[in-house]
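Here is a short briefing for a reader new to this structure.

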Amino acid sequence: MSRQPLQVIVIPFKESESVGYQFAVFHRADNSMWQFIAGGAEDDETAEQTARREAEEEAGIPKGARFFRLDSRASVPRTAFSPTKHWSRDIFVVPEYSFAVDVSGQELDLSDEHDQVSWLPFKEATRLLTFESNRIALWELNERLNTHKIDELPPMDDR
């Protein structure tokens with residue numbers, strides 16, 4: 001298995017009649033960062049395949065859940081990843097693609113990578129997140145949910 005220069009984040013969300021939309025924000029067990037599900041492509045995975053695998057590995061979200069590709073993109077410095085010796089020396093930044101997954105009615109099952117998860121409304125989640133790219137993707141998802149534009153994103157179908 002070989003780590004490829006492609007990164008994803010996945011935002012689990014659910015709707016509650018009493019509190020509206022909530023978003024799962026994860027605390028990494030190895031440091032004090034709060035983020036969404038994140039990970040890199042392995043071997044020849046597409047971004048969509050990576051998002052589904054990472055969501056299943058980190059939170060027990062079934063690969064067949066309702067995923068959406070968001071428009072939000074970011075670039076992450078190569079130095080944020082290790083090891084990268086097998087990557088071309090011409091790679092300086094790694095593209096990060098954003099996804100959302102509807103987990104309404106499902107329980108999350110955390111991997112050892114995270115020691116806690118908090119279900120939060122938009123403003124609280126935004127304040128807690130460590131990375132700007134996570135905040136931007138969350139803003140997009142929140143806007144789409146509140147304007148009923150989430151269904152305009154074609155559901156991913158490469159399960």
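The notes below start with the source and then go topic by topic. This is a predicted model, in which local features need pLDDT of at least 70, side-chain atom pairs count only at pLDDT 80 or more, and totals for chains, interfaces and linings use all residues. Residues are numbered from 1 along each chain as its sequence is written, and side-chain values use heavy atoms, with hydrogens and water left out.

**Strand pairing**
- Strands are DSSP runs of E with at least two residues, and helices are runs of H or I with at least four, numbered from the N terminus.
- Two strands pair if DSSP finds at least two bridges between them.
- β1 and strand β6 (residues 93–102) run parallel, joined by seven bridges. Here I9 has S98 as its bridge partner.
- β1 and β4 run antiparallel, with five bridges. Q7 is partnered with G40 in β4.
- β1 and strand β2 (residues 20–28) are antiparallel, with four bridges. E15 partners Y21 in β2.
- Three residues form the hairpin link from β1 to β2.

**Largest pocket**
- The largest pocket has a volume of about 570 Å³.
- Of its 27 lining residues, Q7, R28, A38, G39 and F81 are the closest to its centre.
- A pocket is an open set of points on a 1 Å grid over the protein atoms alone, where a 1.4 Å probe fits, with protein on both sides within 12 Å along at least five of seven lines; lining residues have an atom within 4 Å of a point.
- The volume is the space filled by probe spheres set on the points, which are joined across faces, edges and corners.

**Charge over a ring**
- K14 places its charged end over the ring of W119, 4.2 Å from the ring centre.
- The rule asks for NZ of Lys or CZ of Arg within 6 Å of the ring centre and within 35 degrees of the ring normal.
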